[in-house]
Amino acid sequence: MTTLTPQKSAVPQPGDDITPAPGPRPAQDSTWRELVDAVREAGQYPTRSEAESVTRIVLSALGGHVVGDERVDLARALPEEAARVVASQIPATRQLTAAEFVDSVAARIEGATPATARWDVSSVLSVLPPLVGDELVTRILDQLPPGYALLFGRAELTPAA
């Protein structure tokens, strides 16, 4: 099993604009490779290229739905390349349910079905808690509609009536 090492990147600091600077991408760092390798293992993808593509698509979709301090903290906790993917997204005008989120990812992946997209989303989001921390994942889940916890590999607990 691949172990992800949390990283405090130089991207971004509190109060900074989280929009990445235009221009060519910097060389990919080892923590980005570790993230992609963890996704590859979690999703059992046959190639690193496929795992990287899925990682970019899912983080891009997530980046549009996480806002405010949670978005800044998520970008700060991720490897630089992943932070750029998250931070470059325009915030969504409406929150999607977890099922709609999965469907939006399916629309971005050629040949995907809702079932394969759910696998892809879970393969990426389930490797984030060890990297970014459970406290941040909890804050992100508090911001999103019900149903996302399962995508992050957590049980969705509902209070008793």
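Colleague: Is Glu52 buried or exposed?
Modeller: The model is predicted, and local features need pLDDT of at least 70, side-chain atom pairs count only at pLDDT 80 or more, and totals for chains, interfaces and linings use all residues. Residues are numbered from 1 along each chain as its sequence is written, and side-chain values use heavy atoms, with hydrogens and water left out. With a 1.4 Å probe and protein chains only, a residue is buried under 20% relative accessible area, exposed over 50% and partly exposed in between. Because the relative accessible area of Glu52 is 16%, Glu52 is buried.

Colleague: Which secondary structure does the protein chain contain, and how many helices are there?
Modeller: Helices (H or I, at least four residues) and strands (E, at least two) are taken as DSSP runs and numbered from the N terminus. Read from that end, the elements of the protein chain run α-α-α-α-α-α-α-α-α. The chain therefore has zero strands, and its helices number nine.

Colleague: What share of the protein chain is buried?
Modeller: Accessible areas come from the Shrake-Rupley method with a 1.4 Å probe, and for residues the cover comes only from the protein chains shown. The protein chain exposes about 8,400 Å², of which carbon and sulfur atoms supply 56%. Of its 161 residues, the buried share is 45%.

Colleague: Which residue forms a salt bridge with Arg48?
Modeller: A salt bridge requires a side-chain nitrogen of Lys or Arg within 4 Å of a carboxyl oxygen of Asp or Glu, and the count by this rule is 11. Arg48 is partly exposed, at 24% relative accessible area. With the closest N and O atoms 3.8 Å apart, the partner is Glu52.

Colleague: Which helices does the salt bridge of Arg56 and Glu81 tie together?
Modeller: The side chains of Arg56 and Glu81 meet at 2.9 Å, N to O. The two residues are 25 apart in sequence, so the pair ties together helices α2 and α4.

Colleague: How far apart in sequence are Glu70 and Arg139?
Modeller: Glu70 and Arg139 form a salt bridge whose closest N and O atoms are 3.3 Å apart. Glu70 lies in helix α3 and Arg139 in helix α8, so the pair ties together parts of the chain separated by 69 residues.

Colleague: Why is helix α4 largely enclosed by the rest of the structure?
Modeller: What covers its buried residues includes α1 (30-43), α2 and α3 (68-77). Those buried residues are Glu81, Ala82, Ala83, Val85, Val86 and Ala87. Helix α4 spans residues 80-87, and it is largely enclosed because, of its eight residues, the number buried is six.

Colleague: What is the angle between the planes of the aromatic pair?
Modeller: Rings of Phe, Tyr and Trp (its six-membered ring) pair if their centres lie within 6.5 Å; planes under 30 degrees apart are stacked, over 60 edge-to-face, and the rest tilted. The structure holds one such pair. Phe101 and Tyr148 form this tilted pair, 5.4 Å centre to centre, and the angle between their planes is 55°.

Methods. Contact = heavy atoms within 4.5 Å.
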